[in-house]
Amino acid sequence: MDVKWLPQLTVSQLVLTLFAIYAVYLVCIFAAYIWRINRIFRDVPCKQRHWLYGNMHLLPTTCSEDRLLFSLGMTNEFKRYYVWWVTFAKASLTVCHPETVRVVMKSSQPKPTGFGGVYRFGLPWLGEGLLIAKGDKWARSRRLLTPAFHFDILKQYIAVYNDATNQLADNIEKFVDSGKKFDVFPHVSNLTLDIILRCAFSYQTDCQQDTGSSRHPYVQAVEELVMAWADRSRTPWLYPDCVFYLTPMGRKFRRNCDFVHKVAVEVIDKRREALQKSGKEPEKKYLDFLDILLKAKDDNNVGLSPMEIRNEVDTFLFEGHDTTASALSWALHTLAKHPEHQRKCQAEIDDILKDRGSDEILHSDLPKLEYLTMCIKESMRDNPPVPIIQREFTSDFTIDGKTFPGTIYAFLTLILKICFPVVAAYLVCTR
Ligand code: HEM
């Protein structure tokens with residue numbers, strides 16, 4: 001049958017027509033999504049937004065400290081939660097009060113690794129290690145690595161903490177003599193890298209030896225990776241990999257990833273070689289983290305693959321030194337600013353060491369360092385090493401009586417600073 005009313009199309013015209021129909025279909029879907037997301041967030045507190053950039057243009061471009069201060073200003077203004085628009089198309093519900101934060105922390109919403117999710121940008125570096133993995137993958141790794149989190153394991157490392165800290169004290173003593181100002185963070189980062197390498201990986205380096213004021217190349221690479229990760233997550237046009245890796249930032253990120261992966265592989269290979277050479281099980285009371293990674297087997301007797309092992313080594317090398325370096329540096333800064341508290345901490349330590357021939361701190365001394373512990377906790381509350389984390393909506397979610405559907409593409413950002421003023425007041429009042 002000849003259908004007269006249908007236009008006679010060539011193949012290329014037909015393809016173009018189908019393509020145009022598909023494009024219109026996609027535009028309609030996108031428009032419906034934009035309409036829906038706007039409807040859901042219309043009565044959520046928010047800053048005035050730009051039709052294209054959303055709220056992104058409000059973020060200071062000067063430095064990360066200004067950005068953090070800006071975010072704190074937002075939490076002060078909105079108190080419990082607000083929506084932050086990443087362009088016109090992505091909404092990030094930000095919770096910033098102990099009660100709203102608790103709702104999110106008690107839930108099992110996953111870390112966002114899809115397009116625009118902050119954790120996606122860490123995948124090329126950390127892979128699906130514990131920090132980024134979710135669901136069954138996370139649960140399996142977490143189960144296999146549980147022995148590594150046993151509290152008793154830490155007891156054996158106190159000698160390493162003493163030794164590495166003595167080295168730090170030697171490194172910064174010369175600044176005391178010269179009376180010059182200096183940045184303590186590179187020194188403390190080299191210290192925490194030294195400690196995590198020796199404790200978790202039984203890996204000896206000279207990473208504290210050559211410090212003028214310089215960072216160890218691994219510390220330097222991690223710092224640049226973290227900066228690139230943060231810069232990319234607030235620059236939506238860098239979200240597609242094909243754009244990011246063409247930029248100088250993307251190329252540097254790739255180079256740094258290659259470098260830190262090389263370090264991780266070197267650490268793993270050395271241990272494998274040592275195990276193969278000795279041909280027997282390590283004779284230790286407690287296995288270190290790397291032993292556990294190499295030996296762990298699940299219920300089906302399947303161990304971690306080489307890539308899974310490398311991801312966990314990268315994750316622990318990063319998480320194990322960067323967070324602690326930040327916490328310790330801020331604690332030193334805070335104590336320096338408050339000499340009256342510093343004197344009390346010193347008195348507490350002097351009291352413990354008074355009848356000893358050495359200034360080694362023992363594991364059994366730690367519970368006695370009550371005032372110092374409170375100062376470190378207060379400093380971490382005031383300057384959290386990880387001030388912001390993110391989760392993804394995957395099921396309906398109620399905050400302050402408002403339910404957000406789990407089918408929308410939106411994120412929950414938790415600002416962990418100034419969340420716990422009540423605890424701070426308690427700490428201050430007990431002394
Ligand atoms: C002052 C020190 C530390 C702070 C403030 C800190 C903070 C955090 C925070 C906030 C998270 C959650 C991240 C998220 O949900 O996005 C986290 C996760 C994690 N941290 Fe730390 N951390 C510290 C030290 C360490 C150390 C020393 C290690 C390893 C030796 C470590 C290993 C991990 C791992 C593996 C995860 C992922 C855990 C999981 O999801 O099962 N952290 N940390």
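**Entry 1: serine 233**

I began with serine 233, which I found in helix 8 (residues 217–233). Before anything else, a reminder to myself: this is a predicted model.

Is serine 233 buried or exposed, or something in between? I got 19 C-beta neighbours inside 10 Å, so serine 233 counts as partly exposed. The cut-off for buried is 20 or more.

Next I asked what serine 233 touches once its neighbours within four places in sequence are left aside. The answer is Val118 and Phe121.

I also checked a distance. Serine 233 and aspartate 288 are 55 residues apart in sequence, and their C-alpha atoms are 34 Å apart in space.

I then went to serine 202, which sits in the loop between helix 7 (185–201) and helix 8. Its phi is positive, about 45°, although serine 202 is not a glycine. I counted 19 other C-beta atoms within 10 Å of serine 202, so this residue is partly exposed.

**Entry 2: more positive phi values**

Aspartate 400 was my next stop. I found it in the loop between strand 4 (397–399) and strand 5 (402–404).

How do strand 1 (residues 81–86) and strand 2 run relative to each other, parallel or antiparallel? They are antiparallel, and I noted 6 bridges joining them. I wrote down two of the pairings. Tyrosine 81 has valine 95 of strand 2 as its bridge partner, and tyrosine 82 has threonine 94.

**Entry 3: helix 13 and helix 14**

I turned to helix 13 (residues 339–353) and helix 14 (residues 370–382). Their axes come within 8 Å and cross at roughly 140°. The two helices are therefore oblique to each other; roughly antiparallel would need an angle over 145 degrees.

Which residues make the contact? From helix 13 I listed His341, Lys344, Cys345 and Glu348, and from helix 14 Tyr371, Leu372 and Cys375. Sorted by class, this contact has 4 nonpolar, 1 polar and 2 charged residues.

While there, I looked at leucine 362, in the loop between helix 13 and helix 14. Leucine 362 has 13 C-beta neighbours inside 10 Å and so counts as partly exposed. I also checked leucine 362 against lysine 155: 207 residues apart in sequence, but 9.0 Å apart in space, C-alpha to C-alpha.

**Entry 4: around the ligand**

I found 14 of them, with Glu319, Gly320, Thr323, Ala327 and Ile389 coming nearest. Which element gives the largest share of this shell? It is helix 12 (residues 306–337), with 7 residues. By class, the shell has 7 nonpolar, 4 polar and 3 charged residues.

**Entry 5: the whole chain**

I finished by stepping back to the protein chain as a whole. I noted 15 helices and 6 strands. The C-alpha atoms fill a box of roughly 105 × 55 × 45 Å along the principal axes. Of the 431 residues, 26% are buried. Among contacts with a separation of 6 or more, 69% join residues 24 or more positions apart.

Technical notes. Residues numbered from 1 in each chain as written. Predicted model: local features only at pLDDT ≥ 70, side-chain atom pairs only at ≥ 80, totals over all residues. Near = placed C-beta within 6 Å. Helix = DSSP H or I, 4+ residues; strand = E, 2+ residues; numbered from the N terminus. Nonpolar A, V, L, I, M, F, W, Y, C, P; charged D, E, K, R; others polar. Buried ≥ 20, exposed ≤ 12 C-beta atoms within 10 Å, placed from the backbone. Contact = placed C-beta atoms within 7 Å. Axes fitted to C-alpha atoms, helices over the stretch in contact; angles between N-to-C directions. Parallel < 35°, antiparallel > 145°, perpendicular 65-115°, else oblique. Pairing = 2+ DSSP bridges.
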